[in-house]
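Q: Could you walk me through what holds this fold together, starting with the charged pairs?

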Amino acid sequence: MRLRQVEKPFDHPDYLFELKVDGFRAIVYIQDGECKLISRNQNNLRFEPLKRALAKLPVQNAIIDGEVVCLDKNGVSQFYQLLNRKGKPILYAFDLLWLNGEDLRQQPLILRKDRLAALVRSADCKSIMYAQHIEQNGKRFFDEICARDLEGIVAKRKLSIYKNDGHGWLKIKNRSYTQAEGRHELMTR
């Protein structure tokens with residue numbers, strides 16, 4: 001699911017809202033005690049300690065959508081720690097696409113998130129974090145995110161299926177986010 005940027009936050013009863021963390025988007029493939037992390041550009045992400053930890057999740061197989069991040073002592077994602085490999089990466093998991101042979105992509109997002117939350121709780125793994133959400137109140141959530149100098153929020157329809165049609169998930173970025181300063185120049189070198 002690609003993110004489409006919109007300019008303003010909104011309130012809507014059909015949507016849930018999550019924190020947009022600052023890291024590398026990854027699809028996690030777990031099969032028979034092995035784990036692969038694949039970027040949105042189909043690159044193999046080489047976070048070996050994270051892959052070893054996720055491979056131990058209590059599943060036969062699973063596909064999880066998330067973001068690889070490094071968090072500071074306050075739980076705030078720190079992009080440059082991740083980029084420079086100076087922090088401990090974890091998976092900020094926000095969707096569960098497959099679990100133990102069952103394709104979940106046609107189930108509503110809210111049900112997939114419930115199954116993901118249960119998996120994360122049962123895992124007892126410090127390398128995975130469930131992406132909590134709020135419902136309906138995107139404007140107030142966005143204001144709080146901006147006040148805390150965080151990257152932004154993601155809006156998702158609660159009943160949506162997992163389909164990459166370009167219309168699914170919306171991102172609303174904090175234009176004053178300090179960690180984004182100078183990033184364009186860094187990424188174009």
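**Charged pairs and core**

A: Arg 25 counts as buried, at 13% relative accessibility, where buried means under 20% relative accessible area, exposed over 50% and partly exposed in between, with a 1.4 Å probe and protein chains only. This is a predicted model, in which local features need pLDDT of at least 70 and side-chain atom pairs pLDDT 80 or more, while totals for chains, interfaces and linings use all residues. Residues are numbered from 1 along each chain as its sequence is written, and side-chain values use heavy atoms, leaving out hydrogens and water.

Q: Which residue forms a salt bridge with Arg 25?
A: Asp 65 does, with the closest N and O atoms 2.7 Å apart; a salt bridge here is a side-chain nitrogen of Lys or Arg within 4 Å of a carboxyl oxygen of Asp or Glu. Asp 65 is in strand E5 and Arg 25 in strand E3, 40 residues apart, and Asp 65 is buried at 0% relative accessible area.

Q: And Glu 18, which side chain does it meet?
A: The side chain of Glu 18 meets that of Lys 113 at 2.6 Å, N to O, and shared partners join Glu 18, Lys 113 and Lys 156 into one network.

Q: Switching topic, how many residues has the largest nonpolar core?
A: That core has 31 residues, and Leu 37, Leu 54, Leu 57, Ile 64 and Ile 128 have the most contacts inside it; such a core is a set of buried Ala, Val, Leu, Ile, Met, Phe, Trp, Tyr and Cys residues joined through side-chain atoms within 4.5 Å.

Terms used. Helix = DSSP H or I, 4+ residues; strand = E, 2+ residues; numbered from the N terminus.
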